[in-house]
Amino acid sequence: MTRAHSWPTDAEPNPGAMLCSPRMKTKFALILSLGVLAAGVPTVLAADAKANWDEHCAKCHGATGKADTKMGARLKLKDYSDAKVQAALTDEIIVKATLEGVKDGDKEKMKAYGDVLSADGAKAIVGLIRSFKQ
Ligand code: HEC
């Protein structure tokens, strides 16, 4: 198909028309469709955070964050239902610990979950951990 003569040729530069060049249009359409795609992807729901917690975190930190598990006792994990523990934890610490793990010098205390959780997934976990506070 030959293109209709609605586009300026290189011979007639026109700043206004440049804004609407086919290439720009393609780019714009791409950006638009990416936006639509992003809007169509559901945000990480609280239910997903709970499912992730149960699958990846609960065996150590406990279903309700109290670390009332064998691993929790062995590893002397913090009790996330404790308001004082919560106050000492910033959202950033939780996200970082979740995505990058927890290290004590060179020793890995907790492995990183950046391969199973997205940044949004980690943020949703923050909300979940906050809900453990009593
Ligand atoms: C194998 C046991 C284990 C699992 C599974 C585990 N953790 Fe941990 N986690 C630890 C240990 C050990 C620490 C360090 C001691 C502490 O802070 O209580 C820790 C610390 C943390 C901290 C506190 C970091 C800090 O600086 O105080 C957060 C937040 C955390 N874990 C979140 C998670 C999340 C979210 C998951 C699941 C995606 C998870 N953990 C899975 C063992 C585990």
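**Overall layout**

Mentor: Start with the order of elements: along the sequence, the chain runs α-α-α-α-α-α-β-β-α. Keep in mind that this is a predicted model.

Trainee: How many helices and strands is that?

Mentor: The chain has seven helices and two strands.

Trainee: And what share of the residues is buried?

Mentor: Buried residues are 13% of the 134 residues in the chain.

Trainee: Then what are the values for α3 and α7?

Mentor: Their axes come within 9 Å and cross at roughly 90°. An angle from 65 to 115 degrees counts as roughly perpendicular, so α3 and α7 are roughly perpendicular to each other.

Trainee: Which residues make that contact?

Mentor: From α3 there are Ala46, Asp48, Ala49, Lys50, Asn52 and Trp53, and from α7 there are Gly121, Ala124, Ile125, Gly127 and Leu128. By class, the contact of α3 with α7 has six nonpolar, three polar and two charged residues.

Trainee: What do α6 and α7 do, in the same terms?

Mentor: The axes of α6, residues 91-100, and α7, residues 119-131, come within 9 Å and cross at roughly 125°. That angle makes α6 oblique to α7. The crossing of α6 and α7 is right-handed.

Trainee: Where is Glu100?

Mentor: Glu100 is in helix α6. Glu100 is partly exposed because 14 other C-beta atoms lie within 10 Å.

Trainee: What does Glu100 touch?

Mentor: Leaving out residues up to four places away in sequence, Glu100 touches Ala112 and Gly114. Glu100 and Lys111 are eleven residues apart in sequence, and 7.4 Å separates them C-alpha to C-alpha.

Trainee: Change of topic: the ligand. Which residues come nearest?

Mentor: Of the 19 residues around the ligand, the nearest are Cys57, Cys60, Leu77, Ala97 and Met110.

Trainee: Which elements supply that shell?

Mentor: α3 (46-61), α6 and β2 (107-110) each supply at least two residues of the shell around the ligand. α3 gives the most, with five residues.

Trainee: And the classes in the shell?

Mentor: The shell around the ligand has 13 nonpolar, three polar and three charged residues.

Trainee: Now the loops. Which backbone angle is worth a look at Ala67?

Mentor: Look at phi: Ala67 has a positive phi of about 60°, although Ala67 is not a glycine. Ala67 sits in the loop between α3 and α4.

Trainee: Is Ala67 buried or exposed?

Mentor: Ala67 has 21 other C-beta atoms within 10 Å. The cut-off for buried is 20 or more, so Ala67 is buried.

Trainee: What about Lys76?

Mentor: Lys76 also has a positive phi without being a glycine, at about 50°. Lys76 is in the loop between α4 and α5. With 7 other C-beta atoms within 10 Å, Lys76 is exposed.

Trainee: Last one. Where is Ser81, and what does it touch?

Mentor: Ser81 is in the loop between α4 and α5. Not counting residues up to four places away in sequence, Ser81 touches Thr64, Gly65, Lys66, Phe132, Lys133 and Gln134. Ser81 is partly exposed, with 17 other C-beta atoms within 10 Å.

Note on methods. Residues are numbered from 1 along each chain as its sequence is written. This is a predicted model: local features need pLDDT of at least 70, side-chain atom pairs count only at pLDDT 80 or more; totals for chains, interfaces and linings use all residues. Helices (H or I, at least four residues) and strands (E, at least two) are DSSP runs, numbered from the N terminus. A residue is buried if 20 or more other C-beta atoms lie within 10 Å of its own, exposed if 12 or fewer, and partly exposed in between; C-beta atoms are placed from the backbone. Two residues are in contact if their C-beta atoms, placed from the backbone, lie within 7 Å. Axes are lines fitted to C-alpha atoms, for helices over the stretch in contact, and angles run from 0 to 180 degrees between N-to-C directions. Angles under 35 degrees count as roughly parallel, over 145 as roughly antiparallel, 65 to 115 as roughly perpendicular and the rest as oblique. A crossing is left-handed if the near helix is turned anticlockwise from the far one by less than a right angle, and right-handed if clockwise. A residue is near a molecule or strand if its C-beta atom, placed from the backbone, lies within 6 Å of it. Ala, Val, Leu, Ile, Met, Phe, Trp, Tyr, Cys and Pro count as nonpolar, Asp, Glu, Lys and Arg as charged, and the others, Gly among them, as polar.
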